[in-house]
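This report describes the fold, selected secondary-structure elements and ligand surroundings of one protein model. The sequence and structure are shown first.

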Amino acid sequence: MTSTTPAAGRPTVATVYGYPRQGQNRELKKSVEGYWKGRTAADALRDTARELRRTNWRQLADAGITEVPTGDFSYYDHVLDTSVMVGAVPERHRAAVEADPLDGYFAMARGTQDVAPLEMTKWFDTNYHYLVPELGPDTVFTADSTKQVAELTEALRLGHTARPVLVGPVTYLLLAKPAPGVAADFDPLALLDRLLPVYAQVLADLRAAGAEWAQLDEPALVQDRTPAELNATARAYRELGGSTDRPKLLVASYFDRLGEALPVLAKAPVEGLALDFTEAAAGNLDDLAAVGGLPGKRLVAGVVGGRNIWINDYEKSLSTLGTLLGLADRVDVAASCSLLHVPLDATAERDIDPQVRRWLAFARQKTAEVATLARGLARGTDAIAAELAANRADLASRAGSALTHDPAVRARTAAVTDADGRRAQPYARRAAAQRAHLGLPLLPTTTIGSFPQTIELRTARADLRAGRIDTAGYEDRIEAEIREVLAFQEKAGIDVLVHGEPERNDMVQYFAEQLTGYLATQHGWVQSYGTRYVRPPVLAGDISRPDPMTVRWTTYAQSQTSKPVKGMLTGPVTMLAWSFVRDDQPLGDTARQVALALRDEVGDLEAAGTSVIQVDEPALRETLPLRAADHAAYLAWATESFRLTTGGVRPDTQIHTHMCYAEFGDIVAAIEDLDADVISLEAARSHMQVAGELAGAGYPREVGPGVWDIHSPRIPSVAEVTALLRKGLGAIPAERLWVNPDCGLKTRGWPETKASLENLVEAARQVRGET
Ligand code: GLN
Ligand code: ZN
């Protein structure tokens, strides 16, 4: 490679925007949950938090991070922290917050007996969830910089060079929604002029506390934005930049390219921009050159992927950094986004082959990479010769390994043709064949797959893991559970039965554990929301299925009943969406490998006598790229992989799919493209709106819009369900309408499950009588 000329004069800063919050042993989770249960005192919780921040900064500094972030720590969620910072406490939580700020904070996050929490939703296209600010025309913002100032002061006292990180004002408003009771078309961005003085105050407080720089995160600007939104952005930074009583401002973006927002921010009177230069944001480099770079500004270059768990390609990053040196006055090195989205430490993964472990970079490894690249940029590649050599060797080992390149898998994916993803007959003919084959009544009833995951089931799994019971003992328990689930469904009069998924710990993990090419981690926890952490499996290599994964349980269930038992699989898109994915091949290639493995499972289920097979794709919509221009390419591989999974079955085998959300407007065509026979969706809370949307878009197939909102223990009455069904019939003819809950029942208890399903069956009977 060309050796990089050192950046003259000044050492290059190595930094990150945020770090995993929970601690090595999830101390924060334990402490917060202990506080909720009354076992941990508030002071003890605060001490734990302070200690974790101290450890994190120490870890960062030891790894060579020369400017540490502050304010990124959170007891629950950083967007909620921002709501507190600007005084946007919903009316219903005011009293609690005034009585005790900490308890009020948790009340906003989790609700109380009497008061609903803030709504939670996904943070862009990550699997982190934030609490949605609720705003309205009457919202009054007030500055509360306590948390930001306290955390900055802590870091400075410990001797760190520190930079407070805040959610930017434009992103904050764009993430908000109208408060309950406020007109749905209220645009929170209308509050910008009211919000800016509050941000100005917080920035002034931070300066007074010793901040030289402050970072304002504006990831919402990497989405398609209207001219009005871009104007608001320009106005916001003109005003904040115009103040003299403030730290230098670094406006950060990540997850995608800045696009039209780049020239706006480049012109703004702020001192620095942070941009994502990973594959996900391809385009930023060219766009930056096109606007003439950032003369006079600091550029923080996110070259180490903050969301994946793979080692960086140093040569590639150094070449990007070298190009950037010509485009800004000062170039610093960072991870592309907060490291909140990756686990803490790959060296803790003792069960992963050491060779493979060298390909992994979690937060600690990524900070070291950032530091190494900063050194390379400042002092030239000779200064990091040893690291470069090791990096080259690790990348070569990954590229040449049998795990990442399985000739059999490669040959099979290369041989896939369009015909493999096409059912032998068109939908209308299949529907007739299925009707004859299955003999179902009008308005058939079914469920989405899982039944309550009881303590007994979890205990059985733990007993098996710990060796307290053997496989035979475990399987006996699972079979007993399946018999019970079937007996209830038969008694209730459900038409298409399920085995209840008692053997599954998680709908992705269960399959990942059985597929070759997937890795599991022992300690790879990442925050999903609040104190909930998940351990996503890792798509590390080429995917194949050594043995059937579900056939044993589905056929056992079918052997116990004469009614059809529906087979249950997790679809390829969801398998990718809820895992860490490969970065060394296009997502579509990985999806195709997973699809072929699932296709074998579908084939085996069918051969074993399963006539109805459901392939769940709850992640199909949430995985949509952030920018509309990228949607078509995504939907092409996503739908192709679904069709490849299901396209090989007989015409009279019925393929179901399931998705758990109710916003479909933009992907109806893609849903049609899946070529499934039946789709079940969430619809109870939106009063069957989705049924109308699908019908309005001309969706010609069978639909099961959920008639029971399974997110709460509330039991829907027969009258409620019949009302929803009648509404559904207004959009979808009886021959194509199914009756089912919104989603799986694994989080529900048995009492409400039984009562609700009995009501659901009774409602179907009544409405059948009317048609
Ligand atoms: N079949 C799965 C279940 O019932 C579907 C879960 C989901 O859609 N998230 O649990
Ligand atoms: Zn669902």
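## A hairpin

S14 and S15 form a hairpin in which two residues lie between the strands, and glycine 530 in the turn has a positive phi of about 45 degrees. Strand S14 covers residues 526-529 and strand S15 residues 532-534; the two pair in the antiparallel sense over three bridges. Valine 526 stands opposite valine 534 in S15. Helices (H or I, at least four residues) and strands (E, at least two) are DSSP runs, numbered from the N terminus, and two strands pair if DSSP finds at least two bridges between them.

## Basis of the model

The model is predicted: local features need pLDDT of at least 70, side-chain atom pairs count only at pLDDT 80 or more, and totals for chains, interfaces and linings use all residues. Residues are numbered from 1 along each chain as its sequence is written, while chains are lettered from A and ligands numbered from 1 in the order in which they are written.

## Overall architecture

The secondary structure of the protein comprises 28 helices and 21 strands. Its C-alpha trace spans about 80 × 60 × 55 Å along the principal axes.

Of the 771 residues, 51% count as buried. The term requires 20 or more other C-beta atoms within 10 Å of the residue's own, with C-beta atoms placed from the backbone. Among contacts with a separation of 6 or more, 79% are between residues 24 or more positions apart; a contact means that the C-beta atoms, placed from the backbone, lie within 7 Å.

## The eight-stranded sheet

An open sheet is formed by eight strands in the order S1-S12-S11-S10-S9-S8-S6-S2, with parallel pairing. Strand S1 (14-15) and strand S2 (68-70) are its edge strands, each pairing on one side only.

Within the sheet, strand S11 (residues 294-304) and strand S12 (residues 328-335) run parallel and are joined by seven bridges. Arginine 298 has arginine 330 in S12 as its bridge partner.

## Helix H21

Helix H21 spans residues 551-559, and its residues Trp553, Thr554, Ala557 and Gln558 are buried. These residues lie on the same side of H21 because they cover an arc of only 135 degrees around the axis, the arc being that of the directions from the helix axis to the C-beta atoms. Their cover includes helix H19 (471-492), strand S17 (566-570) and helix H23 (587-607).

## Individual buried residues

Phenylalanine 642 belongs to helix H24 (residues 631-646). It counts as buried because it has 29 C-beta neighbours inside 10 Å. Neighbours within four places in sequence aside, phenylalanine 642 is in contact with Gly571, Pro572, Val573, Val615, Glu617 and Leu674.

Leucine 443 lies in the loop between helix H17 (427-438) and helix H18 (455-465), and its phi is near 45 degrees, a positive value in a residue other than glycine. Aspartate 675, in the loop between helix H25 (668-673) and strand S20 (678-681), likewise is not a glycine and has a positive phi of about 60 degrees. Leucine 443 is buried with 23 C-beta neighbours inside 10 Å, and aspartate 675 is buried with 20 other C-beta atoms within 10 Å.

## Ligand surroundings

Ligand 1 is surrounded by 13 residues, of which Ile448, Gly449, Ser450, Pro618 and Gly744 are the closest; a residue is included if its C-beta atom, placed from the backbone, lies within 6 Å. The shell divides into six nonpolar, four polar and three charged residues. Here Ala, Val, Leu, Ile, Met, Phe, Trp, Tyr, Cys and Pro count as nonpolar, Asp, Glu, Lys and Arg as charged, and the others, Gly among them, as polar.

Terms used: Buried ≥ 20, exposed ≤ 12 C-beta atoms within 10 Å, placed from the backbone. Contact = placed C-beta atoms within 7 Å.
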